[in-house]
Amino acid sequence: MIRSINDTNVREYISLVKEINFGATKYAHVITFGCQQNERDSETILGLLTEMGYTPTDNADIADIIIINTCAIREHAEVKALSLLGRFKAQKKRNPDLIVGVVGCMAAEPHRADMLKKDFHYVTFTLEPNMLHRIPELVARKLTDGKRSFIFGQDEGDIYEDSPAVRRERHRAWVSIMYGCNNFCSYCIVPYVRGRERSRCSEDIIFECQGLVNSGVKEITLLGQNVNSYNADLTFPELLSRIAEIDGDFIIRFMTSHPKDTSSALIEVMKRYTPKIAPFFHLPLQSGSNRILKEMNRTYTRERYLDIACELKENIPGIALSTDVIIGFPTESDADFADTVDVLRRVEFDNVYAFLYSPREGTRAAKMDGAVERSVKDARMAELLGLQDKLSYDKNRPYVDTIQRVLTDAYEIKNGRRICSGRTLTGKLVYFESDAEIGEFINVKITKACPYHLLGEAEKRG
Ligand code: SAH
Ligand code: SF4
Ligand code: F3S
């Protein structure tokens, strides 16, 4: 169900906390792990905290409330969050009023939720990722009667519109269009922690995008765990064209797409609206072996994947492709891995994000036999990265002497020179000397290619 936080008691809790905080300067520190969805969620968390009267700070030491927005995708992400959390134990001892909240995907795993409640006495509350609108309630509860709260298993799959947000950047914005995932890839925790797929109403999304463009945003990235399976009153290709029809000088990106939902209709829309829809596609492959893909429950074959990659390249000349690969899924043999390498060679991705398989409690793959030894995984990773360095370099070299439209993201003063960084429409990182403003599109002549970035000279403006 689509709900507005204005129809709930969220506003009352916000006012209550604001009243309690009135007259004092109180600081809030938010730490984010994980994907863009989490980054976007943290903007909502900061929005809620700001409305409750907290001032955002990058300095955890002075914070009155610390919220850790966690990720559960691989063990490493959890270990990092837990070790960071450990650092706040001493701070809580010094300041017993400190509020420490653990939210996000790790807080939605039963064994982690249990552990946080029992073993981490300095944690004030935990909350699952789809329940962020309850943060004001939990803060109010702590401030009024000192109670700790552990919210688990209460996600009803609702979408909450109208939450406040403090966006980190002025020129780029993330817009979540759908939440959750129904795919149950056998290795993946996301469907368990983020729940079933649900899409926002297209009108709300278009209204939000229009507002962002009006406020000067130059790049909108539509987000979803499975963004191209968006399905509400419009299909994903229909939604994309409606956003592309919004007047203004801005570009649209989206992620992450699943091959099964990458239709010819979607490719057609990208073709029609290039370059307003950026010529870039992130299409996770996971494995190039049909046997492993089946074990992973990915529902496509290597042949189907290669066809999609081909269709994208044919219809959108110069498109950049990137992918995710998992190395060392249970039973992955040398021959299976060779199949993955083969797809990498055939598609010639611009970028590959490779991950060592990490068993996730509660998923089907975690119960599989045939674990691949760490040394074998590491050797495969080294081989893949070595190959991809070369392929990425080969993809970047033809950019030399071309003129690229670059969106300026940041600048640094180095040896008295103002060095800007930005991205081409195809998503390549470029460094160039310029007085360009952050958020300004600028034409850059590429002078040098490296495997993972380009160097260039800005063209004179006006
Ligand atoms: N929804 C997206 C992204 C999921 S998470 C998708 O469908 O692709 C991002 C990446 O993490 C995945 O693409 C996958 O490559 C990797 N990943 C997910 N679960 C993993 C696990 N258990 N071990 C290692 N990598 C994993
Ligand atoms: Fe995980 Fe697969 Fe869903 Fe992506 S599509 S979030 S990998 S279950
Ligand atoms: Fe991690 Fe949750 Fe994103 S598990 S990758 S933060 S959806």
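## Contacts to ligand 1

In this predicted model, a polar side-chain atom of Gln-286 sits 2.7 Å from an oxygen atom of ligand 1. Taken alone, ligand 1 would expose 540 Å², and the protein buries 90% of that.

Backbone atoms get involved too. A polar backbone atom of Gln-225 is 2.6 Å from a nitrogen atom of ligand 1, and a backbone N or O atom of Ser-358 is 2.8 Å from a nitrogen atom of the ligand.

## Who makes up the shell

There are 15 residues around ligand 1, and the ones that come nearest are Arg-74, Gln-225, Gln-286, Asp-324 and Ser-358. Sorted by class, the shell has 7 nonpolar, 4 polar and 4 charged residues.

Zooming out to domains, ligand 1 lies between domain 2 (169–278) and domain 3 (281–398), because both give residues to its shell.

## A look at Thr-408

Now for another spot: Thr-408, which is part of strand E17 (residues 403–414). Is Thr-408 buried or exposed? With a relative accessible area of 0%, Thr-408 counts as buried, because the cut-off for that is under 20%.

The Thr-408 side chain also reaches the backbone oxygen of Glu-440, at 2.9 Å. Leaving aside residues up to four places away in sequence, Thr-408 touches a run of partners, including His-171, Cys-420, Phe-432, Ile-438, Glu-440 and Ile-442.

Key: Residues numbered from 1 in each chain as written. Chains lettered and ligands numbered in written order. Predicted model: local features only at pLDDT ≥ 70, side-chain atom pairs only at ≥ 80, totals over all residues. Heavy atoms only, no water. Near = heavy atom within 4 Å. Polar contact = N/O pair within 3.5 Å; in protein donor to acceptor, adjacent residues only side chain to side chain. Areas by Shrake-Rupley, 256 points an atom, 1.4 Å probe, with all protein chains shown as cover. Nonpolar A, V, L, I, M, F, W, Y, C, P; charged D, E, K, R; others polar. Domains from an automatic or database assignment. Helix = DSSP H or I, 4+ residues; strand = E, 2+ residues; numbered from the N terminus. Buried < 20%, exposed > 50% of the residue type's maximum accessible area, 1.4 Å probe, protein only. Contact = heavy atoms within 4.5 Å.
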